[in-house]
Amino acid sequence: MKKIVLIGASGYVGSAILNEALNRGIKVTAVVRNPESIKISNADLTIVQADVSDADKVAEISKDADAVISAFNPGWTNPKIYEETLKVYPLILEGVKKADVKRLLIVGGAGTLFVAPGLRVVDLGAIPAEIMGGVKSLGEFYLNTLVNEKDIDWVFFSPAGSLEPGERTGNYRLDKDDLIVNDKGESKISVEDYAKTMVDELEIPVHHKERFTIGY
């Protein structure tokens, strides 16, 4: 039985990954700021309250895990989301490496996906200003830090442009660096299918030290 640490387990994406993992019988240590935000109970679930900006704490929690999945987000309404993302994510990475965990799977963003050669989603001017800080910072962490990371088997899993509640269909497409759009020009995926694919990657690794993406 796999044993994982899930950072940000009470968030929108994190809670979907939590449900998917528990439904597969995976042992999950859920790391959250507010333990009361997780309403479910399960014999395979351990809830830990922790500040993941402390690399030593991350290492302590992650010790002996098969993998760490991070859905960390300082909060889309946090006025310092840009600064906090760029501060905390390298510390999460440092902590996971200190724990000698072999794999780190990160809930990525769509901002750095390509829509045309040399043109990324973030360049289109379509991202609302109120979330741009979070989009840019996560993209910068991927491009400036993760891409150069050689010491751990990392994955940065970017969703489609729209990540919305829906169904776990199991019917979707995967790509590496290009935004996936349907025949109507829409880029979307349900959070349930996203979570399914993240846990698929956890159980049967296909991507190593690279980004991949999903869409219908």
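Author: A salt bridge here is a side-chain nitrogen of Lys or Arg within 4 Å of a carboxyl oxygen of Asp or Glu. By that rule the count comes to 19 salt bridges. Bear in mind that this is a predicted model, where local features need pLDDT of at least 70, side-chain atom pairs count only at pLDDT 80 or more, and totals for chains, interfaces and linings use all residues. Residues are numbered from 1 along each chain as its sequence is written, and side-chain values use heavy atoms, with hydrogens and water left out.

Let's start with Lys98 and Asp56, whose closest N and O atoms are 2.6 Å apart. That pair links distant parts of the chain, with Lys98 in helix 3 and Asp56 in helix 2 (residues 55-62), 42 residues apart. Helices (H or I, at least four residues) and strands (E, at least two) are DSSP runs, numbered from the N terminus. Lys98 is partly exposed at 48% relative accessible area, and Asp56 is partly exposed at 49%. For those words, buried is under 20%, exposed is over 50% and partly exposed is in between (1.4 Å probe, protein chains only).

Next up, Glu210 pairs with Lys176, the closest N and O atoms being 3.3 Å apart. Glu210 sits in strand 12 (residues 210-215) and Lys176 in the loop between strand 10 (173-175) and strand 11 (188-190), so the pair ties together parts 34 residues apart in sequence. Glu210 is partly exposed, at 21%.

Asp64 and Lys63 also meet in a salt bridge, at 3.8 Å from N to O, and both are exposed. Finally, there's a network of salt bridges linking Glu20, Arg24, Arg168, Lys196, Asp200 and Glu203.
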